Amino acid sequence: MLAVLAVPATAFGQQPASPPRNWALGVGAALIDSPYAGEGSRLRPFPLVSYEGERVFLRGISAGVHLYDAPPFRLDALLSPRLGGFDIDDLGRSELLANGVDPELLRDRDDALDAGFRASFGSTWGSIAIEAVHDVSGVHDGYELGLDYRYTWRLAQTAVTASAGAGALSSRLAGYYFGILDSEVARGVPAYSPGSAFVPRIGLTLMHAIGASNWQLLGSIEYQRLPDELRGSPLLEPDRNGMGRVVLGLSRRF
């Protein structure tokens, strides 16, 4: 879930009908409809880097190794940043005060680095992926379990992938990005701990090859539904039900 600022990994695994290329380099940007109080929309540019080797792969800002690759089943080891951090100064002071918390007593939330495994099974009806990742950077020491279904339509130079799934966040992960930290409680902020949370999500990704060139466009949209445990956070805007993300990018294959 809180990899809301990351590009969908499946986007880099999808190639429209054209000669295969191992490398793709480009630039992209993610526009996030932030649920945090007073922040509004968040724009984060990032490099688009894709490499598909026999064992090693790079997809956007994530990397991995194929531990077992015998279609239709694949098992991968993953390493990926979780770009869910934010600066308290970027949130609205009056909105936080209205929620009963003093921003002067709050700490920034840092990005993290996740490592884990993904098992996927694909067929003519689409693909199912199960993923388990854990924070290895010591930021929150939490984990996420994910389950996603994807189906891809290929139309000439275009590949469109629809996805639906959910992420189960551990209490440490959810508490770090949506709760009040122990150090903040010690400074006088009212305690809030959401516990573990289950976050459904849906998305749509489009990859389009530009003519006969090696350039390709990427576009994706995703929406995540926030459960009651997270919606009650004093860090969020009141009555916020979910958050969305739009990603646009341009890259060239080599």
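At 4% relative accessibility, F86 counts as buried, a term that denotes under 20% relative accessible area, with exposed meaning over 50% and partly exposed in between (1.4 Å probe, protein chains only). The model is predicted: local features need pLDDT of at least 70, side-chain atom pairs count only at pLDDT 80 or more, and totals for chains, interfaces and linings use all residues. Residues are numbered from 1 along each chain as its sequence is written, and side-chain values use heavy atoms, with hydrogens and water left out.

Rings of Phe, Tyr and Trp (its six-membered ring) pair if their centres lie within 6.5 Å; planes under 30 degrees apart count as stacked, over 60 as edge-to-face and the rest as tilted. The count comes to seven aromatic pairs by this rule. Two of them involve Y36, as tabulated here.

| Pair | Centre distance | Plane angle | Class |
|---|---|---|---|
| Y36 and F86 | 4.3 Å | 40° | tilted |
| Y36 and F178 | 5.9 Å | 25° | stacked |

Helices (H or I, at least four residues) and strands (E, at least two) are DSSP runs, numbered from the N terminus. F178 belongs to helix 3 (residues 171-178), so its pair with Y36 ties together parts that are 142 residues apart in sequence. Y36 and F178 are both buried, Y36 having 3% relative accessibility.
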